[in-house]
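Student: I would like to learn how to read a structure feature by feature. Can we work through one together?

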Amino acid sequence: VSFTAVATLSDLDDGPLGIEVDHPTEGALPVVLVKSPDGDVHAMFDECSHAHVKLSEGDFDEATCSLECYLHGSHFDVRTGAALNPPAIQPVPVYPVRVEDDQILVDVENPLKEN
C-alpha cells in the first residue's frame, strides 16, 4: 500500500478539495477529498462517470454523504463511489485514506472495492 501525503485537515475546512495525485503508471490522477460530518476523510476519483466533469466543483450533501455533479445532478457516495441517482449509473473509484497528525495520506494505487 502506497500512501502519499496530499493535504492537511485544515485544507478541507471550506469543503471538498480537488487535487492531483501521482500514480506510477497512470500519471496525475484527479482526486477529490471530502471531510464528512462525522470527521472522516474520504478520497474519490474527481470525475463524474457520466459527464466527465469535476465532482469537486459540485456541492457536498451531508445528509447522504455524497457529492453532486453540478452538470446533471447525479450524486456519488464519497464512502463507496456509488452513483446514487441517474443519469450516472457507474460508480467512481474511492481510495484508502489515512490521517496522521494533520496530514491526509491517500493511496491511489489500490482503489477500494465498491461495497
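Tutor: Two ground rules come before the features. This is a predicted model, with local features needing pLDDT of at least 70, side-chain atom pairs counting only at pLDDT 80 or more, and totals for chains, interfaces and linings using all residues. Residues are numbered from 1 along each chain as its sequence is written, and side-chain values use heavy atoms, leaving out hydrogens and water.

Student: How do I read a nonpolar core, and which residues of the largest one touch the most other members?

Tutor: A nonpolar core is a set of buried Ala, Val, Leu, Ile, Met, Phe, Trp, Tyr and Cys residues joined through side-chain atoms within 4.5 Å. Buried means under 20% relative accessible area, exposed over 50%, and partly exposed in between (1.4 Å probe, protein chains only). Here the largest core has 29 residues, and V31, L33, M44, C48, L55 and Y95 touch the most other members.

Student: Which element gives the largest share?

Tutor: Strands are DSSP runs of E, at least two residues, numbered from the N terminus. Strand 3 gives the largest share, five residues. Elements giving two or more include strand 3 (27-35), strand 4 (41-45) and strand 8 (94-95).

Student: What does Y95 touch?

Tutor: Contact means heavy atoms within 4.5 Å. Leaving aside residues up to four places away in sequence, Y95 touches L29, V31, A43, M44, F45, V106, D107, V108, P111 and L112.

Student: What is the strand order in the open sheet of three strands?

Tutor: Two strands pair if DSSP finds at least two bridges between them. The order is 1-10-9, with antiparallel pairing. Strand 1 (4-8) and strand 9 (97-100) are the edges, each pairing on one side only. Four bridges join strand 9 to strand 10. E100 has Q103 of strand 10 as its bridge partner.

Student: Is T80 buried or exposed?

Tutor: T80 is buried, at 16% relative accessible area. T80 sits in the loop between strand 7 (75-77) and strand 8. A polar atom of the T80 side chain lies 3.2 Å from the backbone nitrogen of A82.

Student: How many disulfides does the structure hold?

Tutor: A disulfide is a covalent bond between the sulfur atoms of two cysteines. The cut-off is a pair of cysteine sulfur atoms within 2.5 Å. The structure holds zero.

Technical notes: A polar contact is a pair of N or O atoms within 3.5 Å; within protein, one must be able to donate a hydrogen and the other to accept it, and residues adjacent in sequence count only if both atoms are side-chain atoms.
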